[in-house]
Every structure is written in structure tokens, then in C-alpha cells.
Amino acid sequence: MGHKLRIAGWLALGALAGALTTVGLQATARATFAPLPLQELQQFAAVYGLIKSDYVEPVDDKKLITDAIAGMVSALDPHSQYFDAKSFREFREGTSGRFVGVGIEITMEDGLVKVVSPIEDSPAFRAGLKAGDLITKIDDTAVKGLTINEAVKRMRGEPNTKVDLTVFRRDENRTFRVTITRQEIKTVSVRARVVEPGYAWVRVSQFQERTLEDFARKVEEIVRAEPHLKGLVLDLRNDPGGLLDAAVGLAAVFLPDDAVVVTTNGQLEESKATYRATPRDYLRRPGSDPVARLTVTTQGLLKRIPLVVLVNEGSASASEIVAGALQDHKRATIMGSQTFGKGSVQTVRPLGPDTALKLTTARYYTPSGRSIQAKGIVPDVWVDETPEGNLFAALRTREADLEKHLAGPDEARLTEAEREALRQREREREQARQRLEEEQRKNPGARLLPEFGSEKDFQLQQALNQLKGLPVVASKTASERPAKAEN
């Protein structure tokens, strides 16, 4: 996808009168010549000129053009985006798994930042922070009242700058202050542990550049600790996706060589592609192949071991590709709830040294040809979040709920029963919202659902029952969601 978009032309704006004086524009896009719409460009120029001349305050030219580009792109679909310098840098940090900070995985508890785990060999790890520590202040700012994103921004910064954290350690009943020097952190998107003899849990929280390597390393550690592994739970709940090649590689860990993982289709010839369980489709660059290494070190164990994949409404894009491939090849039992339904491919095209365009260029299809878009993956076994049911799942947004989403394969053919199901879901959403507000009022800042992978994780316990051939407590109320209501 390395073709360039070349636009040649000129647009002369009458800055005071807002009039277009000369237009001679023509677009050259991928060897297809098409004239740009003159009338619409004249209107754009007129609006631009009126803002410059009549708006209550002066407006910077660069801001006007940048906002116009961003608006044009965001109107296409929820996932296309124009990156300015700041957002492009943040995007690259997210996919690379690298950022500048102190190096802790966090959550919120009682309105404070709770350390879930310090990242190994990070500044926070070396400073002695422990899982369960509560951060009450960041520099001189009280954490109480901050959102988790606001707290993260305050802890991040430039390399080699310092941040003071005030920490309460409950098991020692003491508060102390620690000064940490920010560094570039390499995040680990994979967590794993042996949950009981013979059975392991591996969680992938996002598909990043290092995900395959991290996955291989974690599973190798598990197999060394538990050489007679009988079953594996692959946890993709709330995994928003990420890099396509990482998803193809993870599927390749469990599938036969050269098996189809996903196909794509779009306007461009290069967007009509088939991705298989082969190194040429998952290695970003020549070099070490973690999938092949893992297969050798485990003697092919992951190609044949019983496998359950946990998914929910937060499993999107790359995680849906993995779940769909393993489901179509009958390699795993998919458990949980219907996934998000982001079945579109975004391609990032640099526009300059520090700006870029993320553009939807194709749709995803599972190996059997199913479209993921606005539908997602329907689990083989529906399992509620808790023994009491799906307490807050109705509040989670899916692709079909987003404005301007690409139409799914079934959106134009809803039956009256499906429309009633959607109306019922809206009623459930309101009930869940009221229940959430009540729980938050009674227990401000408390975790309302068990942590993934913990002993209280109901869905994980049902996945283990599935692997052992024991009875599974399947949902009695969950059902497939139609894509969209018709007016």
C-alpha cells in the first residue's frame, strides 16, 4: 500500500472578499484522473474567506485547514482519522508498545490509582512499587477527582524528567513519597499464569509490535513450569485490536501451517488479500520467528492442546480476527458474549514527517467468508459475566451503535422480532444504567466486576470447566444482537 496520492493544482482565495478568483485543480490518484468538483471547492473557499474576514476573532490559517481535513475524514466512518503531530505520535506509541512514563499497569479503586503491577525493570519497579499500592498524589495534585486518563497523562512526560508519587501501602499501613525518573517503557501486552495444575490462562490485552514475542516468551515459561499442560484459555476480552500481522501470527500459533486466517476486500487491488498462517504474512521484518520457535520448544503442543477463547463486547478488530479464524477452523471453543463487530481495515498513510491519514481501505472476512463488520463473532457458548448475569454488558457500545459505521451484511434485513429484540436491549440498557449508578453511589470507586484472571472470574471458571469436560453454566438470557434497528 505504498502508492502516493498526488494532488496538483492551485486555489487562489480572495481573503477579504472571500471570492475564488482562479481555479485549475485536477486530482491524480493511483493513475486515475478525475477532475475535482469545482463548485464545491468554490463554496469551501467562500466559507474559508468569510471566516477569515468576518469571524469574531482572528483564526489561524493552519488551524482552519487542519480542522477542515480532520472533519472531512471523520465524516467517513468512526475509524478513519487525520493525525496531526501530537495524535500521530500517540498512535505510534500505542502500536509500538512504547511510551515515556514510570512503568506501572493501573486501575482505579476508591477514586485512587491502584497499581495492578509494576512493569518489570521499569523505573517504578526499581523504585519498589508493588501490586496493590494506592497512589494518592501525583506531584502536588491529589488523585481523588481525576479520571484514569488524567492520572496517566500526569505520570507520563518527557524522558529523564522526574515525577513525585505519594503512595499508600495498605498491608504496611503507611504513606510514603517516591521520586521516579521517567523513561521509555516497553509495555507487555501479554499476561499468563498456571491457574491450576494442567491448565493455563493467557491474556492478550492488545496487538502490538511485541505481542508475538511476548506471547511466545510467556507460554514458554508456562510450559517449563507445567510441562503436562492439558488445556489453555486464551483471553481476548476487552482487547480492542491493533496490528493485523500480530493477529495473524497469534492465530498461526494454534493453526496448521498455511491455514487461512483472514481475507480482506476493498476498492484497491492490493486490498483484496488473503492472510495465512505463514511467516510471510505475520513477520514485520526478516529475523527471528517467535511462532516457529514456540512450536519447536513446545514440540507442537499448542497446535493440538484443547483451547477456549474468551471474548466479550470489548473484543474488537484483531481479536475478532483471531477468534473468527479459530472458530472457523474448529480449533477452539469461543465462549463469552458477542464481540464488538469492527470488521474494517485501516491503513496509515504518512502525509509528511509528522502527520498522517488513517483511512478505512477494506473489510475483514473470516476463513469461511463471514463478514465481521457490525456483527462480530457470535460465541459457541454464551457465558454471563457473573453468576447473577450480565450486570453491565448492556452499557457497552458495539460497532453497530456507532454513528456512520460501515453497514454490516445483515443490516437491511431486520425482522420484526429482531427489531423488538433491539427495543428490549434499549430497555435493558436503561436498567443497567440505573443499576450502575446505584452501585457507584453505594460503593464509590469500587471495582464492580472481578478482575480478569482472578479466582472470582466467573467466565474463566466456566472456560476451565469446558476444558475439563465438566458442566458449564451457560447464559439463559443472552442472544445474538441484530446489527441495527430500522426506523
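Q: Why is Asp214 called buried?
A: Buried is the word for a relative accessible area under 20%, with over 50% counting as exposed and the range between as partly exposed, using a 1.4 Å probe and protein chains only. Asp214 has a relative accessible area of 0%, and is therefore buried. This is a predicted model, in which local features need pLDDT of at least 70 and side-chain atom pairs count only at pLDDT 80 or more, while totals for chains, interfaces and linings use all residues. Residues are numbered from 1 along each chain as its sequence is written, and side-chain values use heavy atoms, with hydrogens and water left out.

Q: Where is Asp214 placed, and which residues does Asp214 touch beyond those up to four places away in sequence?
A: Asp214 belongs to helix 6, where helices (H or I, at least four residues) and strands (E, at least two) are DSSP runs numbered from the N terminus. Not counting residues up to four places away in sequence, Asp214 touches Thr187, Val188, Ser189 and Val190, contact being heavy atoms within 4.5 Å.

Q: What makes helix 6 roughly parallel to helix 9?
A: Helix 6 and helix 9 (residues 290–297) pack at an angle of about 10 degrees, with their axes 9 Å apart; the axes are lines fitted to C-alpha atoms, for helices over the stretch in contact, and angles run from 0 to 180 degrees between N-to-C directions. Angles under 35 degrees count as roughly parallel, over 145 as roughly antiparallel, 65 to 115 as roughly perpendicular and the rest as oblique, so helix 6 is roughly parallel to helix 9. On the helix 6 side the contact includes Leu212, Phe215 and Val219, and on the helix 9 side Pro290, Val291 and Leu294 are among the residues.

Q: Why is the pair of Phe83 and Phe88 called stacked?
A: Rings of Phe, Tyr and Trp (its six-membered ring) pair if their centres lie within 6.5 Å, and planes under 30 degrees apart count as stacked, over 60 as edge-to-face and the rest as tilted. The structure holds 3 aromatic pairs. In the pair of Phe83 and Phe88 the ring centres are 5.8 Å apart and the planes stand at 15 degrees, so the pair is stacked. Phe83 is buried at a relative accessible area of 2%, and Phe88 is buried at 6%.

Q: How do you know that Phe215 and Phe254 are edge-to-face?
A: Their rings lie 6.1 Å centre to centre with 75 degrees between the planes, and the aromatic pair is edge-to-face. The pair links distant parts of the chain, with Phe215 in helix 6 (residues 211–225) and Phe254 in helix 7 (residues 244–254), 39 residues apart. Phe215 has a relative accessible area of 1% and is therefore buried, and Phe254, at 0%, is buried as well.

Q: What makes helix 1 oblique to helix 2?
A: Helix 1 (residues 38–54) and helix 2 (residues 61–74) pack at an angle of about 140 degrees, with their axes 11 Å apart. That angle makes helix 1 oblique to helix 2. The residues in contact are Phe44, Tyr48, Ile51 and Lys52 from helix 1, and Asp61, Leu64, Ile65 and Ala68 from helix 2.

Q: Why is Tyr275 called buried?
A: Tyr275, in strand 19 (residues 273–276), has a relative accessible area of 19%, and is therefore buried. Leaving aside neighbours within four places in sequence, the contacts of Tyr275 include Leu244 and Val248.

Q: How do you know that Arg237 sits over the ring of Phe452?
A: A charge sits over a ring if NZ of Lys or CZ of Arg is within 6 Å of the ring centre and within 35 degrees of the ring normal. The charged end of Arg237 sits over the Phe452 ring, 4.0 Å from its centre, and Lys468 lies over the face of Tyr199 at 5.6 Å from the ring centre.
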